[in-house]
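Have a look at it first, then read on.

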Amino acid sequence: MDKCIACGLCAQKCPKKVDDDYNAGMSQRKAIYLKYSQTVPLKYAIDGEHCLYTAKGKCRACEKFCPTGAINFTDTGAVVTVNVGAVILAPGYQAFDPSGIAPYGYGRIPDVVTGLEYERLLSASGPNQGHLLRPSDHKEPKRIAWVQCVGSRCTHTGANGYCSTVCCMYAVKQAVVTAEHTHGDGLNQTIFFMDLRSHNKEFERYVESARSNGVRFIRSRPHTILPGKNNIGVRLAYVTEDGGRTEEDFDMAVLSVGLEAPPDALELAHKFGIDLDRYNFARTSSFTPVTTNRDGIYVCGAFQSPKAIPRSVTEASAAATEAAKALLPARGTLAREKTYPPERKTTGEELRLGVFVCSCGINIAGVVDVEAVADYARTLPHVVCVENNLFTCSTDTQVLIAARIEEFNLNRIVVAACTPRTHEPLFQDTLREAGLNAYLLEMANIRNQNAWVHQKDPAFATLKAKDQVRMAVAKVCRDYPLASMSVPVVQKALVIGGGVAGMTAALDLADQGYPTVLVEKSDKLGGAAWHLNTTWKCEDVRAWLGRLISRVDNHPSIQVLKNARLKSVSGSVGNFASDLEVGGNPMNVAYGIAVLATGGAEYQPEEYRFGQDPRVMTHHQFDAELRERAAMVQQAGSAVFIQCVGSREPGRMYCSRVCCTHSVMSAMRLKELNPDMRVFVLYRDMRTYGQREDLYTRARELGVIFIRFDLENKPEVYQEGAALRIKVMDPILGRPLRLEADYLVLASAIVPHDQQELTELFKCGVNPDGFLNEAHPKLRPVDLTVDGLFAAGLCHHPKPLDEAVSQAKAAVSRAGVILAKAAMQLDAIKSEVTAACDGCALCLDVCPYRAIKLEEYGDNGHARRRIVTDKALCKGCGLCEATCPKEGVTVHGFTHDQLKAQVDAVLEALG
Amino acid sequence: MSEKFEPVILGFLCNWCAYAGADLAGVSRLQYPPNLRVIRVNCSGMVHPNLVVHALSKGIDGVLVMG
């Protein structure tokens, strides 16, 4: 495997074609192949089942043509034994196979595909290079239907009762991407759904924007898909909400298939001795959401329950925290430092530039003429090597760049590809591996800021890409080697908020040996969880909460500060310091990281006669009734729940996520107390995601009546005599219903606490709803935008208790990356005094980080003054550089000379 | 292209907000005219007025400082 350079000659020469699993069998690959073009490590593999030599004993073409002798037919599988202290099971899921649902015609009708197949059809690395073509006649489909809940929320044989959680949003995303990909008249994207479950952060707004951009949503589960004429296209038969039977033609149909436990779930469970639930997902408790019943065995991702990427990534970090705790005594004993070859001295060398132009599949090449850009780069000064790569970020291209650096003795590199914000570190690493200083690199952002935003104007986009490359070349010629320095880390943590998330984070930090200060603004730990009776898995919240508080209170490494407020924040990642006010007394604390877990509160409704009639209450209030006055509740003749109170409305355009399940749980409790009680749930979309769907099913079996309403036609609550009445339009009967309620429970929204003071202190941001913004929803779901800060719990977005716990554990894992080491490498982009400084001190006033000081020095017997920068405080913002009237201070990587060179390169475009 | 006046706009975009926003515009496939040439800066506050004056005096059609 070490010899393979992934040149692809083997696959080119291999005579045997095989259906490509990666593209869901919609394209073909060879018997020697790459699983996908960005696979790591990038090495070709032989498919032993189809290889002519391994199967029939003849051919060996690949061996003959391989330029490096990398083909080894005698290589066989081997059993490897590793000794480990913890195991994390993350086998993922398998997609539901819809072949068994005969009325949908999957397998018989070519234009019926699964969501995953459609994903490949849309993908640049898919069978049609991202050009959307339907399978039957390879024409671009204009009218496309998505059918939701295929294999999910269905109790028929072969299907699954639970909600697969991710399909609503993947269908909406596919519809939106389709609208971008397809052109012309008569376009139509239609999603057939039962309940639209867009409950995660920012999803509600995304759906609204899809709706306003023309994606059609029809609330119906089509019963049959018929083939179109000559088996091309499809005809969907469905029943509308008012009972009307309809048939509609589409060019193709996408089955939004659900997620199932992985095929080897039972075997894994048996091997590791862990429990599964009835659907073969790993069984965990809400309080320890990534811990199995067996010590040292943890789970994360879709094997625990169906979930999308952000929660999977969060759980992965949470599982890492559990494993880190289990392995605490062995921490660091097997760690190895990454080493690089010694840095080549390039000072004094003539400039020798290499320019690598990326096609990014068709992401760039589909718009920008990359070959013309490469040709243009060859004409630029000092450029001695130019390459065009399919994926410049792929492993084989890194090898290629390193090889070119050596071959051409390159000392400056330009990569024209995507954004340096995501990919600069990768290419910097390649330079270091090749013995060059990491800062002799520039990127031209010809994808995000060109090909993707000028899709309709290829000629101009190509012209712009050339300008961008010229600008990068101009700058890189003025780049010089930079060195980074390291600073000591305060290996202590600050946790703000003493609710479930904050306490969980504090305990896991302290358990790993990091002294932790837990700041709570009230006089009591526990937060919003005190209002809850049980989790959705029927676990007693208050008993557990009591134990959690007691552990926190008694932990030797946790200092709990109640009635405490943060007054100031200084420093940066690894070295923060804050003034606090604790019960009126000042104190200060130094810490390396902070976890923000400030929680959320129940929205206090202004609607539905809340506050005017004592029978109208929120979930928190009703939980208290159920807890303390169950005997009285039992007497009630009827109870009504109204969902989405304050959620999913203009001004609060998000789903509060927990309220559907909460209402279902409470409704079932009422039926348990008094089976004759009439219980109604008035809802917009029931969002009992994952295995919570079983509760919804069970509630209906118990006789709870669910009535849907629209935002435009909300229920009306009024008093008639002594009776509390609710009028609601039943969309199935098509007429208004009048209900009477002894209890009217409002499933009111979760709102964040006012975090303005805190976010101003930490300089981190919130979204339009006031929830803390993560650095990246998928890649860094618990990191905040400021280094060294992490978020957990309701302050990030509404979530049930189990998710708050896993998020807190994830924050600890991320924090551990910083806290585990006594010193931290700093960025090299810092300001520095130049010979032109005369000590005028103008820059001292503008520096927002107070990183600049004046110093005196002797110069041939004359006492002179100049500035000096504290590298640990300096953020490289360059306010000093822009303020200085004489170029007496500069920021490395953004010097006046480097910026001016780019300006001049732009001016060349003026001709 | 040559017959119609196409302005060349120079943009200094802060790496942490406006530049990230321009990247996000890409991810969101928001289409806009291809007349902007972006210089990434570590903070919009680092753009020296002399650079802006220089570009304008040499005939650039507009300068955006975004941060």
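Which residues does A:A253 touch, not counting residues up to four places away in sequence? The list is A:D111, A:V112, A:A145, A:V147, A:I225, A:V234 and A:L236. Touching, or being in contact, here takes C-beta atoms, placed from the backbone, that lie within 7 Å.

A word on the ground rules. This is a predicted model, where local features need pLDDT of at least 70 and side-chain atom pairs count only at pLDDT 80 or more, while totals for chains, interfaces and linings use all residues. Residues are numbered from 1 along each chain as its sequence is written, and chains are lettered from A, with ligands numbered from 1, in the order in which they are written.

Now for chain A as a whole. Its secondary structure comes to 24 helices and 46 strands, which are DSSP runs (helices: H or I, at least four residues; strands: E, at least two) numbered from the N terminus. Of its 911 residues, 45% count as buried, meaning that 20 or more other C-beta atoms, placed from the backbone, lie within 10 Å of a residue's own. Take contacts between residues at least 6 apart in sequence, and 69% of them join residues at least 24 apart.

Back to A:A253: this residue is among those with the most contacts inside the largest nonpolar core, which has 162 residues. Such a core is a set of buried Ala, Val, Leu, Ile, Met, Phe, Trp, Tyr and Cys residues joined through C-beta atoms within 7 Å. Helix α21 (residues 801–819) of chain A gives the most to this core, nine residues. Another core lies apart from it, with 83 residues, and B:C14 is one of them.

Next, the place where the chains meet. Chain A puts 37 residues into the contact and chain B puts in 33 residues. On the side of chain A that touches chain B, α24(A) has the largest share, with seven residues. That side splits by class like this:

| Class | Side of chain A that touches chain B |
|---|---|
| Nonpolar | 19 residues |
| Polar | nine residues |

Ala, Val, Leu, Ile, Met, Phe, Trp, Tyr, Cys and Pro count as nonpolar, Asp, Glu, Lys and Arg as charged, and the others, Gly among them, as polar.

Finally, a stop at A:C847, in the loop between α22 (842–846) and β44 (852–859) of chain A. A:C847 counts as buried because 22 other C-beta atoms lie within 10 Å. Leaving out residues up to four places away in sequence, A:C847 touches A:I852, A:L879 and A:C880.

Notes
Buried ≥ 20, exposed ≤ 12 C-beta atoms within 10 Å, placed from the backbone. Contact = placed C-beta atoms within 7 Å.
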